[in-house]
Amino acid sequence: MTRTSASLHRPAPAFDLLRVPGLGRLLRWRWGRLVFQAPLAVIAAVMIYDGLTGPKLAPQNLATVATWVHYRGLVVLALLLAGNLFCMSCPFTLPRTLAQRLARHGRRWPRALRNKWLAITLFVGLLFLYEAFDLWASPWLTAWLIVAYFVAAFVFEALFAESPFCKYLCPIGAFNFVGSTISPLQITSRDADVCRSCVGKECVNGSAQVLGCGTELFVPQIRSNLDCVLCLDCARACPHDNVALAARKPLSELTNAAWPRRWDVALLALVFTFAALGNAFGMVPPVYELEAALAGWLGTDNEVLILALIFGVLYVLAPVLAGVGAAWLSRGLAGGERIRVVLGRYAPAVVPLGFAIWFAHYWFHFASGALTIIPVLQSFMIDHGVALLGSAPNWRLGAILPANGLFLLELGSVLIGFLASLAVLRQIADNAHNDSRMARRAMTPWLVLLVLVAVLAVTLFTLPMEMRGMMTG
Amino acid sequence: MLARKTATRTLILTLLALSLSLALTGCQRASQQGNSAPASGVTMDFTIDPDPALVGQTQAIVTLTAADGQPVTGATVALKGDMSHAGMQPVLADAAEQDPGVYRTEFTWTMAGDWIVTVTASLADGTTAEQQFDLSVTR
Ligand code: SF4
Ligand code: SF4
Ligand SMILES: [Cu+2]
């Protein structure tokens, strides 16, 4: 491939993870994904086994500890520092890697469902089940949840030609996709010209030996991490070795109008952010008082109904009203296009704050209980007659941060997220309006929304956490 | 390709069948057996002071009574308090015998919420009695 005009080239990415000596080769290797998936599959199998047969107390079971403490803590850390590493190593999609394509000639996912509505529904649904059935307190249910993921991913992978489960259904994927829009790494082409003259477009089409992108992203056009599971199939498929997993400017995806201006995509970002509040709210005393008050007013002690009401408002009604309301006000103040377009333009601004709230909450649990996995593992080994980790579990292990450090971490996280959201909001408004006064007016309702969410988050984190549920397990 | 496909399916089905049978038979691990049944005839009583429990330091009292109503003396009594939530460090304490058959210790509830206290009494005759008690701790 000869190149004529150097000035037309985008500069090659400054940092490309796929060119890091050793690691880059491993990642691009045909079975590279398996290297990450296989250990996670083994861990998942052990978790299922322990969840179904092991201790019934959540703090003593690998299924609950690894899922609700370690998985959640590490997944947000990975998103912050690198990208969607969990999806990359996702054990549930193992069949796709192993069998390459189960149903190469399978059906296409129905057109009407090629959007985020189902993913939003399942994301909200999972968070609701989490509250209604106290999943964090039940090793047995947690184990079945993991089994359900394996089955669902496998069934949809086998029935359809692409990977609809990741893109249109998986609640973990929905969370990770939104989270990864703040990540520093993104798939891109190394040289746009090479893609321009590329005939096969194997990155998306696949070739005889290698699959193309399962979520049907086209490398030279990727500007967002939404829908990218970091499987790196594109890098393996590209015959010109032209795919990079490159560092990008912080928050650039959110300020660059990289998302499609669609209702479902915008509302996914808002639901993601409000769910961060709601999920933390589920652990503080006011939620129990609210439950009791609602039970009194409605004259029912049907807990599922009461929780459906509370979390229906928090996870669905609040984000929809807040998002559409802010877009409507923003249009009223500064003029402009349709509500959908205004909403789509500003929705990315809530993501850093939403992510920060998830991070703060998940790290509260991770930092206060990361080491509890050690005695749990010890006891697991001892129960199976393996004295590898000592003959008595050390139950005195727990936190990796002191208690007052936890609060600072939560506060700092929310503050940084708020400032980042603010920066994104300003940039979006400045991009949309030439006149800076108009830009200020257009961003005002969104500013109010951000302040409100941030204040609520800080209030939640100053309240004492309580851990309830499943008294009799 | 076809062979591999079948192999994967078989693997998955086997795993599923395995986990299903594990769930149905409810097979239990060593540390989980005889969890809530105290040793022959010994009644275990667990009280706290103050009751209901408040976050912070409290007193926990375990009373052991034999089938004939006599106090069980000379036992070693260990308490382990777990929260219902994963990732919480348990609270451990050993109770000392103050009156015949009455074992007492300070016990610190570290957080409000649902707690499960496992009391393990190693009796003088070499047997062990273990029982779990659920309670809710408030602020
Ligand atoms: S296959 Fe490679 S060169 Fe062709 S379009 Fe995709 S990334 Fe570009
Ligand atoms: S762009 Fe597609 S093929 Fe490439 S890593 Fe992302 S999901 Fe995989
Ligand atoms: Cu929590």
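These legends go with a few close-up views of a predicted model.

**View 1. A:Glu216 and its partner A:Arg108 make a salt bridge.** Start with the gap between the two side chains: the closest N and O atoms sit 2.7 Å apart. The partners come from distant parts of the chain, 108 residues apart. A:Arg108 belongs to the loop between helix H5 (94-99) and helix H6 (117-132) of chain A, while A:Glu216 belongs to the loop between helix H11 (202-205) and helix H12 (233-237) of chain A. Neither end is hidden away: A:Arg108 is partly exposed at 48% relative accessibility, and A:Glu216 is partly exposed too, with a relative accessible area of 30%.

**View 2. A:Glu216 also forms a salt bridge with A:Arg114.** Here the closest N and O atoms are 3.5 Å apart. A:Arg114 lies in the loop between H5 and H6 of chain A and A:Glu216 in the loop between H11 and H12, so this pair ties together parts that are 102 residues apart in sequence. With 22% relative accessibility, A:Arg114 counts as partly exposed; the cut-off for buried is under 20%.

**View 3. A:Arg262 meets A:Asp264 in a salt bridge.** From N to O, the distance is 2.8 Å.

**View 4. A:Asp16, A:Arg19, A:Arg28 and A:Asp241 belong to one network.** What joins these four residues is a set of salt bridges that share partners. Over all chains, the structure holds twelve salt bridges. As a bit of background, side chains of opposite charge can pair when their charged atoms come close.

**View 5. Helix H16 packs against helix H21 in chain A.** H16 covers residues 303-334 and H21 covers residues 436-462. Their axes are 8 Å apart and meet at an angle of about 160°. Angles over 145 degrees count as roughly antiparallel, and H16(A) and H21(A) are therefore roughly antiparallel to each other. The crossing of H16(A) and H21(A) is right-handed.

**View 6. Here are the residues that make the contact between H16(A) and H21(A).** On the H16(A) side, look for A:Ala322, A:Gly323, A:Ala326 and A:Leu329, among others. H21(A) brings residues including A:Met438, A:Arg441, A:Pro445, A:Trp446 and A:Leu449. Sorted by class, the contact of H16(A) with H21(A) has eleven nonpolar, three polar and one charged residues.

Conventions:
Residues are numbered from 1 along each chain as its sequence is written. Chains are lettered from A and ligands numbered from 1 in the order in which they are written. This is a predicted model: local features need pLDDT of at least 70, side-chain atom pairs count only at pLDDT 80 or more; totals for chains, interfaces and linings use all residues. Side-chain values use heavy atoms; hydrogens and water are left out. Helices (H or I, at least four residues) and strands (E, at least two) are DSSP runs, numbered from the N terminus. Buried means under 20% relative accessible area, exposed over 50%, partly exposed in between (1.4 Å probe, protein chains only). Axes are lines fitted to C-alpha atoms, for helices over the stretch in contact, and angles run from 0 to 180 degrees between N-to-C directions. Angles under 35 degrees count as roughly parallel, over 145 as roughly antiparallel, 65 to 115 as roughly perpendicular and the rest as oblique. A crossing is left-handed if the near helix is turned anticlockwise from the far one by less than a right angle, and right-handed if clockwise. Contact means heavy atoms within 4.5 Å. Ala, Val, Leu, Ile, Met, Phe, Trp, Tyr, Cys and Pro count as nonpolar, Asp, Glu, Lys and Arg as charged, and the others, Gly among them, as polar.
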